[in-house]
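Please look over the chain shown here before reading on.

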Amino acid sequence: MRKTKYKVVSLFSGCGGLDLGIVQSGNEIIWANDNDKNAVATYRKNIGNYIVCDDIRNIEVSEIPDCDVVIGGFPCQGFSMANLKRNVDDERNQLYKSFYSVVKIKQPLFFIAENVKGILSLDNGTAIKKIIADFNEAGYNTEIHLINMADYGVPQIRQRVVIIGQRKSLGEKMLFEFPSPTNGKSDFEHPWVSIKTAIEKYPNPDEPNDYVNHVGSKYKVVFRNFTAHRPTDPEKPSPTILARGNGKGGVCAIPHYNGERRLTVRESAALQTFPDDFCFEGTIGSCYRQIGNAVPVLFSNFLGKELARLAEKGIGL
């Protein structure tokens, strides 16, 4: 019987935002990896036991199963515009080479890599050119897409770069059709989804409720013109849900639009479009970081549906 599902390997999986959408849309993840024990615990609880908890640099590529697709968001903090010490030599920037090595050796049909907008301007643009050149040498044509997740129904202003790679043996034409926006700020049938629309159903966390992870930071809300301290407009998408990827320092929980407290873990997860029954493991700080580092599930569904379409057509199978 002809195979109709792509087998997917996930790197730098985190708690599984990208992976959950890929699975929900009809693909099969056969192996995943992350080195954050809390994120791995969350992944195992909600998605699958096949995830390996270890630094990818400790894993031989031969230990990773062959696959049709490789996905992952290699660590982005070194590339982030919020990181004023961005440097092309940042160790976290170099971790993309692990992603590259798996793609080069395993030769999947496609790869999908997600990262922050800052990757485009790192080292005056030479970093992204080097990444494209690396994958070209490895046998892949690539497309670079700068998107705002709000344009895909995610209730959050979140600009990200998505790199799509296609093995050259499939032809020069890119078969993966990148999803078109479904929502817009204006002149769209469906407007952006506001933060109020997304989270107004959740009661104050001090009130009795049955929502899992509906707890949050007690860090006082003091408004000033700085990240995570600006007022939140209830009629607009949320500001970007952030993470401190190195686990140091306090959390960056966005203020609730009522101005009286910060978003809970559950509310932050909702703005990343995780389902309400998705349970996060670890401390409150760890949960916030896992969520901030994730790809919104709704958007990853769009990517997964395109992979499922290609598999159903038998592309490469």
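Predicted model: local features only at pLDDT ≥ 70, side-chain atom pairs only at ≥ 80, totals over all residues.

**Overall make-up**

The chain, whose secondary structure comes to nine helices and seven strands, has 317 residues, of which 52% are buried. Its accessible surface comes to about 14600 Å², and carbon and sulfur atoms account for 49% of that area. When contacts between residues at least 6 apart in sequence are considered, 68% of them join residues at least 24 apart.

**Helices H1 and H9**

Helix H1, which spans residues 17–24, and helix H9, which spans residues 297–312, have axes that come within 7 Å and cross at roughly 45 degrees. The two helices are therefore oblique to each other, and H1 passes H9 in a right-handed crossing. On the H1 side the contact is made by Gly-17, Leu-18, Leu-20, Gly-21, Ile-22 and Gln-24, while H9 contributes Val-297, Ser-300, Asn-301, Leu-303, Gly-304 and Leu-307.

**Cysteines**

With a disulfide taken as a pair of cysteine sulfur atoms within 2.5 Å, the count comes to zero disulfides. Cys-287 is in no disulfide, since the nearest cysteine sulfur, that of Cys-279, is 7.7 Å away. The table sets out the exposure of two cysteines.

| Residue | Relative accessible area | Class |
|---|---|---|
| Cys-53 | 36% | partly exposed |
| Cys-287 | 3% | buried |

Because buried means under 20% relative accessible area, Cys-287, at 3%, is buried, whereas Cys-53, at 36%, is partly exposed.

Conventions
Residues numbered from 1 in each chain as written. Heavy atoms only, no water. Buried < 20%, exposed > 50% of the residue type's maximum accessible area, 1.4 Å probe, protein only. Helix = DSSP H or I, 4+ residues; strand = E, 2+ residues; numbered from the N terminus. Contact = heavy atoms within 4.5 Å. Areas by Shrake-Rupley, 256 points an atom, 1.4 Å probe, with all protein chains shown as cover. Axes fitted to C-alpha atoms, helices over the stretch in contact; angles between N-to-C directions. Parallel < 35°, antiparallel > 145°, perpendicular 65-115°, else oblique. Left-handed = near helix turned anticlockwise from the far one by under 90°.
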